[in-house]
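The report below goes through one protein model, from single side chains to the whole chain. Please keep the sequence and the coordinates open while reading.

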Amino acid sequence: MLGNASVSCPNLSLRADQIELNLGKERQFAGARASGNAVLVSGESVLTCKSLTLTPEQLIGRVDEATLELRDGVGKSARHARFHGSFERLSRNRLKIEDGDFTLCDCGPDMPPSWLIAAAEVDLQLDERATLWWPKFAVNAPGLGPVAIPLPTPALSIPINRRASGFLAPIVQ
């Protein structure tokens, strides 16, 4: 499918400039390859990237220069976590992100976040926590742009769900 292509099923939606759909012997979904402005929506999670590959079970392989947005709830009480970097799926609920960053700032699609934490590697356990290795905190100071502040710790564990222990990420609005 070419040009603003989309594929949907009850729990998953995929949009891209081009989608190559694979069907099994009985015409059931057997995988897909999306390229060009790919957007994968699964529940309240949105993955945006240049290209990706899906199997009937899950997203596979490596996805470079991607953004993953995880939302928890709706309205003012909703939490919004955004990860950016090169993703590799290690298991159903675990991702490794290289040259990544993390923020809870929901500043809108055209605005940079007011703060973020960058790391050489992020171990993301979906719906649980993110462990950032050699983190650097960055504040987007008005008029100055991002100002990085190295943190004096080799690892930082941040809870993703609402009720967890660990470093509680600031909410700056």
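Is Phe 102 buried or exposed? Phe 102 is buried, because its relative accessible area is 0%, where buried means under 20% relative accessible area, exposed over 50%, and partly exposed in between, with a 1.4 Å probe and protein chains only.

## Basis of the model

This is a predicted model, in which local features need pLDDT of at least 70 and side-chain atom pairs count only at pLDDT 80 or more, while totals for chains, interfaces and linings use all residues. Residues are numbered from 1 along each chain as its sequence is written, and side-chain values use heavy atoms, with hydrogens and water left out.

## Overall composition

The protein has zero helices and 13 strands, both taken as DSSP runs numbered from the N terminus (helices H or I, at least four residues; strands E, at least two). Read from the N terminus on, the elements are therefore a run of β-β-β-β-β-β-β-β-β-β-β-β-β.

Of the 173 residues in the protein, 34% are buried. The exposed surface comes to about 10500 Å², with carbon and sulfur atoms supplying 53% of it; accessible areas come from the Shrake-Rupley method with a 1.4 Å probe, and for residues only the protein chains shown count as cover. Where contact means heavy atoms within 4.5 Å, 33% of the contacts between residues at least 6 apart in sequence join residues at least 24 apart.

## The nonpolar core

A nonpolar core is here a set of buried Ala, Val, Leu, Ile, Met, Phe, Trp, Tyr and Cys residues joined through side-chain atoms within 4.5 Å. The largest such core has 35 residues, and those with the most contacts inside it are Leu 52, Leu 68, Phe 83, Phe 102 and Leu 124. Strand 9 (residues 115–125) gives the most to this core, with five residues.

Which residues does Phe 83 contact, once its neighbours within four places in sequence are left aside? The partners of Phe 83 include Leu 68, Leu 70, Ile 97, Phe 102, Val 122, Leu 124 and Ile 160, and also Asp 101 and Thr 67.

## Aromatic pairs

A pair of aromatic rings is described by the distance of the centres and the angle of the planes. Rings of Phe, Tyr and Trp (its six-membered ring) pair if their centres lie within 6.5 Å, and planes under 30 degrees apart count as stacked, over 60 as edge-to-face and the rest as tilted. A search of the whole structure finds three aromatic pairs. In one of them, the ring centres of Phe 102 and Trp 115 are 6.1 Å apart and the planes are at 70°, so the pair is edge-to-face. This pair links distant parts of the chain, with Phe 102 in strand 8 (residues 94–103) and Trp 115 in strand 9, 13 residues apart.

Trp 115 is buried, because its relative accessible area is 2%. The rings of Trp 115 and Phe 137 have their centres 6.0 Å apart and their planes at 20°, so this pair is stacked. Phe 83, Phe 102, Trp 115 and Phe 137 form one aromatic cluster.

## Salt bridges

With a salt bridge taken as a side-chain nitrogen of Lys or Arg within 4 Å of a carboxyl oxygen of Asp or Glu, a search of the whole structure finds three. Asp 101 and Arg 82 form a salt bridge at 3.6 Å, N to O, which links distant parts of the chain, since Asp 101 is in strand 8 and Arg 82 in strand 7 (residues 79–91), 19 residues apart. Both Asp 101 and Arg 82 are buried.

Asp 123 and Arg 94 meet in a salt bridge of 2.8 Å, N to O, and this pair joins strand 9 to strand 8 across 29 residues. Asp 123 counts as buried because its relative accessibility is 16%, whereas Arg 94, at 34%, counts as partly exposed. Leaving out residues up to four places away in sequence, Asp 123 touches Arg 94, Leu 95, Arg 129, Ala 130, Thr 131 and Trp 133. The side chains of Lys 96 and Glu 98 also meet in a salt bridge, at 3.5 Å, N to O; Lys 96 is partly exposed at 22% relative accessible area, and Glu 98 is partly exposed at 25%.
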